[in-house]
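The sequence and structure are shown first.

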Amino acid sequence: MEREEIVAAVDAEQPAIERLLIDLVQAPTVLGEERAGQEIMREAFADLGLEPREIALDPDALRSHAGASPFSWDVEGKFNVVADWGPAHPAHPAHRAHPAKDPSRPGEGRSLILNGHIDVVDPGPPDMWASPPFVARRDGDWLYGRGAGDMKAGLAAIVGAVRGLRRLGLEPLAPVELQSVVEEECTGNGAFQCVVAGRPADAVIVTEPTSLTIQTSQVGVLWFQVIVRGRPAHAGDAPIGRSAIEASFPVISAMRALEAELNVAPPPPYDVYEHPINLNIGMIRGGDWPSTVAAESVLHCRLALYPGAGVDDLKTRIEDTVAGASAGLEGFNARVAYDGFACEGYTLAHDAPLIAALSDASEQAIGARPALIASTATTDARSFALYAGSPAVCFGPHAESIHGVDERVSLASVLQTAQTLALFIDGWCGLERR
């Protein structure tokens with residue numbers, strides 16, 4: 001297929017891509033409220049002429065699998081939306097086509113999953129934003145709104161790529177599965193449910209906002225809570241009490257020391273970062289009354305780990321750190337609990353066929369080969385690689401202030417992402433007119 005024809009066809013879909021992105025941004029899909037966004041994605045997949053289906057989150061299946069993350073909230077009624085494009089998967093449980101598309105074997109190609117997540121993080125105080133976080137606002141090339149970059153633009157790019165190819169009457173020679181998943185921002189269990197329920201693919205591209213670079217490595221992430229308990233008392237008798245809030249301060253200091261240890265000698269590819277392993281105290285809840293010495297303080301924390309490091313090993317270090325910090329605090333006790341992310345890191349070798357093919361497609365679409373980067377965050381790519389044996393990378397548009405105030409995405413880069421995906425499908429899966 002001619003490059004120019006594919007690029008032009010996707011370019012013609014730019015208005016539809018932007019309309020879909022605006023609709024998605026204006027659906028406030030925070031944790032527990034993802035359904036409205038999934039209904040938009042169901043309609044978007046159906047408008048492609050595909051038959052969307054649901055993959056429901058199964059709490060029992062997730063809790064029984066070592067690869068899933070722990071969770072305390074209700075997931076009943078939550079679902080991923082997926083759609084299959086192209087030929088059906090063969091009966092063999094693992095579709096593994098040829099390591100390269102072989103012109104001498106017509107009708108064959110390599111299978112692909114295109115994945116994005118519909119959930120977004122809470123926008124924080126709305127009055128900190130220049131415009132309401134769930135009202136899409138365009139200013140030149142920028143589209144503002146919570147989730148505009150992370151990562152509803154990636155979902156819109158997936159749809160735009162397929163729309164462009166179908167506009168030309170093209171179909172892939174190998175199975176392509178489109179996925180809109182939930183819970184990427186807290187557990188990764190949405191994508192993991194797709195792994196458990198589906199089949200592996202020869203490649204997975206997660207369209208996270210990578211500024212048109214290819215993310216080949218990511219850290220693991222552990223969410224944990226430190227529950228500190230003291231001795232409540234009337235504020236008038238504060239000296240006889242033990243404030244759990246104030247006792248949290250030395251615990252945080254001890255965890256900062258652990259963080260510093262983890263950053264002493266980063267292994268490749270993280271040796272290019274000065275500080276790749278980040279501890280974040282994301283939330284704190286404590287006390288019951290202004291005139292009562294706080295009985296309890298709960299710290300909600302996030303700490304990363306390098307690819308190859310074990311989650312259980314990090315748990316042990318955290319628990320030892322908290323125990324050591326609290327041992328010298330008379331009248332207090334502290335314990336660690338886990339809820340949310342508990343996932344390992346992942347790295348794909350730079351000589352993987354997926355990286356070469358995606359680099360070729362990006363060069364055709366954008367005019368330059370993309371940089372290969374390691375991320376200090378985690379994504380759903382790890383689940384496909386670690387538990388389905390499917391090589392996975394992230395590639396997507398340029399976004400700024402993700403998880404921050406006035407999040408925004410470059411619309412030009414969203415189109416370039418869609419064009420790169422379309423060209424990748426041509427080179428990886430093969431295309432034919434039908």
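This is a predicted model: local features need pLDDT of at least 70, side-chain atom pairs count only at pLDDT 80 or more; totals for chains, interfaces and linings use all residues.

## Buried face of helix 1

In helix 1, which spans residues 3-11, the buried residues are I6, V7, A9 and V10. These residues lie on the same side of helix 1, because they cover an arc of only 160° around the axis. In general, an α-helix has 3.6 residues a turn, so residues three or four places apart point the same way.

The buried residues of helix 1 pack against several elements: helix 2 (14-25), helix 5 (148-167), helix 11 (411-428) and strand 20 (431-433). One of these partners, helix 5, is considered next.

## Helix 1 against helix 5

Two packed helices are described by the angle between their axes and the distance between the axes. For helix 1 and helix 5, the axes come within 8 Å and cross at roughly 120°.

On the helix 1 side, the contact involves I6, A9 and V10; on the helix 5 side, it involves G160, A161, G164, L165 and R167. By class, the residues of this contact comprise five nonpolar, two polar and one charged. I6, A9 and V10 also belong to the buried set of helix 1.

## Helix 6 against helix 10

The crossing of helix 6 and helix 10 is right-handed.

A191, F192 and V195 of helix 6 meet S383, F384, Y387 and A388 of helix 10. The residues of this contact are six nonpolar and one polar, with no charged residues.

L112 is located in strand 3, which covers residues 112-117. Its relative accessibility is 1%, and L112 therefore counts as buried, the cut-off being under 20%.

Apart from neighbours within four places in sequence, L112 contacts P175, V176, E177, A201, A203, V204, I205, F424, I425, W428 and C429. The C-alpha atom of L112 is separated by 9.3 Å from that of S390, although the two residues are 278 residues apart along the chain.

Technical notes
Residues are numbered from 1 along each chain as its sequence is written. Side-chain values use heavy atoms; hydrogens and water are left out. Buried means under 20% relative accessible area, exposed over 50%, partly exposed in between (1.4 Å probe, protein chains only). Helices (H or I, at least four residues) and strands (E, at least two) are DSSP runs, numbered from the N terminus. The arc is that of the directions from the helix axis to the C-beta atoms. Contact means heavy atoms within 4.5 Å. Axes are lines fitted to C-alpha atoms, for helices over the stretch in contact, and angles run from 0 to 180 degrees between N-to-C directions. Ala, Val, Leu, Ile, Met, Phe, Trp, Tyr, Cys and Pro count as nonpolar, Asp, Glu, Lys and Arg as charged, and the others, Gly among them, as polar. A crossing is left-handed if the near helix is turned anticlockwise from the far one by less than a right angle, and right-handed if clockwise.
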